[in-house]
Amino acid sequence: MSQVIYTDGSCIPNPGPGGYGFIVLPTKEDSIEWHVSGGEENITTNNRMELTAVIEALSFCHDKKNIVIYSDSMYVINCAKGVWKRKKNVDLWDKYTIASKDKNINWIWVKGHSNDHYNEIVDALAKKEVLCK
C-alpha cells in the first residue's frame, strides 16, 4: 500500500518570506491524518517552498517505501522526474536526493486552486505560515 501525501509551498511576495504545508493521509497501519507546516522568515521563493514541502514530507514518512505525492508544482514534479534539469535550488535538490533514497515515488499533478479538497488545505497551511512571519 502506498502512502499518500499532498504538498504545497507559498511565498508572499515571491520572493519573500515563505511557508510550506503537507498532509499525510491515513493508511491501514496509521489511522492519523497528519497536517504539518513550517516556514522561512528569510527571503526565499515559491519554488523553494514547494520543494521544501516535499523534502519535509518524505523525511516525515522516512520508513515508507511506496509514496504517492500530489503537488500543484510542475517545477518540483518535472525536476524530480528528471524531465527538467535541476539548475536552481541545488542545495534543496541534494536534500531531496537523500530524502527520496530507496523510495518509489508516484507523482500526481493537481491543478492549484481547483477545489481539490486536500490541495486547498495544504495551500492554506502554507499561506498561514507565510502570514505568521
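Guide: The model is predicted, so local features need pLDDT of at least 70 and side-chain atom pairs count only at pLDDT 80 or more, while totals for chains, interfaces and linings use all residues. Residues are numbered from 1 along each chain as its sequence is written, and side-chain values use heavy atoms, with hydrogens and water left out.

Visitor: Why is A57 called buried?

Guide: Buried means under 20% relative accessible area, exposed over 50%, and partly exposed in between (1.4 Å probe, protein chains only). A57 has a relative accessible area of 0%, so A57 is buried. A57 lies in helix α1. Helices (H or I, at least four residues) and strands (E, at least two) are DSSP runs, numbered from the N terminus.

Visitor: What does A57 touch, leaving aside its neighbours within four places in sequence?

Guide: A57 is in contact with I5, T7 and F22, leaving aside those neighbours. Contact means heavy atoms within 4.5 Å. A57 and I69 are 12 residues apart in sequence and 9.2 Å apart in space, C-alpha to C-alpha.

Visitor: What makes a set of residues a nonpolar core?

Guide: The set must be buried Ala, Val, Leu, Ile, Met, Phe, Trp, Tyr and Cys residues, joined through side-chain atoms within 4.5 Å. The largest such core here has 24 residues. I5, L58, I69, Y96 and W107 touch the most other members. Elements giving two or more residues to this core include β2 (16-24), β4 (66-71) and β5 (104-109). The largest share, six residues, comes from α1. A second, separate core of five residues includes Y6, I23, V122 and L125.

Visitor: How do you know that the buried residues of α3 are on the same side?

Guide: The buried residues of α3 are L92, W93, Y96 and A99. They cover an arc of only 120° around the axis, so they lie on the same side of α3. The arc is that of the directions from the helix axis to the C-beta atoms. An α-helix has 3.6 residues a turn, so residues three or four places apart point the same way. The cover over the buried residues of α3 includes α1, α2 and β5.

Visitor: Why are β3 and β5 said to stand at the edges?

Guide: The open sheet has five strands in the order β3-β2-β1-β4-β5, with mixed pairing. β3 (34-44) and β5 each have a single partner strand, so one side of each is left without a neighbour in the sheet. Two strands pair if DSSP finds at least two bridges between them. Eight bridges join β2 to β3, which run antiparallel. That count meets the cut-off of at least two. In β3, G39 is the bridge partner of G19.

Visitor: How many disulfides does the structure hold?

Guide: The structure holds zero disulfides. A disulfide is a pair of cysteine sulfur atoms within 2.5 Å. C11 is buried, with a relative accessible area of 10%. C61 is buried too, with a relative accessible area of 4%.

Visitor: Why does D123 count as buried?

Guide: D123 has 11% relative accessibility, so D123 counts as buried. The place of D123 is in helix α4 (residues 117-131). D123 touches D8 and H113, not counting residues up to four places away in sequence.
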